[in-house]
Amino acid sequence: MSTPSSASFSRYAPADDHLLFYKIINDSDGIRLRIWESASDLDQSPSPYLYILNLRVASIAEAKKRLKTHLALNGGSLTIDQTLPFKGKVKLMPHATWDGSQELI
């Protein structure tokens, strides 16, 4: 017996929001951008994170630009003039839909 594809797809939809966390740190070594996604109960990750990026950048402006680009590539959406605090989280779409046609910020 086969099930309709929409019914089988819905059981794989995430039950919780998928969040990307970030922090822009200004310390004695310069500006650092940290981006991470926490692993869920369904992930097979041995650590509490799916991944963590630690980037050294030249300025706060560069950190925000890289963060906005990372969000655009991973299903996050921001308005053009939206300002980002130095620490936060952004809800991601469960399946990124960027197709390369939009210009990255």
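**Entry 1, whole chain.** I began with the surface and noted that the chain exposes about 7700 Å², of which carbon and sulfur atoms supply 54%; these accessible areas come from the Shrake-Rupley method with a 1.4 Å probe, and for residues only the protein chains shown count as cover. The model is a predicted one, in which local features need pLDDT of at least 70 and side-chain atom pairs count only at pLDDT 80 or more, whereas totals for chains, interfaces and linings use all residues. Residues are numbered from 1 along each chain as its sequence is written, and side-chain values use heavy atoms, with hydrogens and water left out.

I then looked up the elements and found two helices and four strands, which run α-β-β-β-α-β from the N terminus on. Helices (H or I, at least four residues) and strands (E, at least two) are DSSP runs, numbered from the N terminus. Buried residues make up 21% of the 105 residues in the chain, where buried means under 20% relative accessible area, exposed over 50%, and partly exposed in between (1.4 Å probe, protein chains only). I also noted that, among contacts between residues at least 6 apart in sequence, 45% join residues at least 24 apart; a contact means heavy atoms within 4.5 Å.

In soluble globular proteins, nonpolar side chains tend to be buried together.

I followed Tyr-22 in detail: leaving out residues up to four places away in sequence, Tyr-22 touches Arg-34, Ile-35, Trp-36, Leu-67, Leu-84, Pro-85, Phe-86, Lys-87, Gly-88, Lys-89 and Val-90.

I checked the length of helix 2, whose 14 residues reach 20 Å from first C-alpha to last, close to the 20 Å expected at 1.5 Å a residue; the expected span is 1.5 Å times one less than the number of residues. Which residues of helix 2 are buried? I listed Ala-63, Leu-67, Lys-68, His-70 and Leu-71. They cover an arc of only 160 degrees around the axis, so they sit on the same side of helix 2, the arc being that of the directions from the helix axis to the C-beta atoms. On the other side of helix 2, Ala-61 and Lys-65 are exposed, while the buried residues of the helix pack against strand 1, strand 2, strand 3 and strand 4.

Lys-64, also in helix 2, counts as partly exposed because its relative accessibility is 24%. Beyond its neighbours within four places in sequence, Lys-64 is in contact with Ile-24 and Leu-84, and its C-alpha atom is separated by 8.5 Å from that of Leu-33, 31 residues apart along the chain.

His-70 of helix 2 is buried because its relative accessible area is 15%. Apart from neighbours within four places in sequence, His-70 is in contact with Leu-20, Ile-35, Tyr-51 and Leu-53. I found a polar contact of 2.9 Å between the side chains of His-70 and Tyr-51; a polar contact is a pair of N or O atoms within 3.5 Å, and within protein one must be able to donate a hydrogen and the other to accept it, while residues adjacent in sequence count only if both atoms are side-chain atoms.

Tyr-51 lies in strand 3 and is partly exposed, with a relative accessible area of 25%. A second polar contact, of 2.8 Å, joins the side chains of Tyr-51 and Glu-37. Not counting residues up to four places away, Tyr-51 touches Leu-20, Ile-35, Trp-36, Glu-37 and His-70, and the C-alpha atoms of Tyr-51 and Trp-36, 15 residues apart along the chain, are separated by 5.6 Å.
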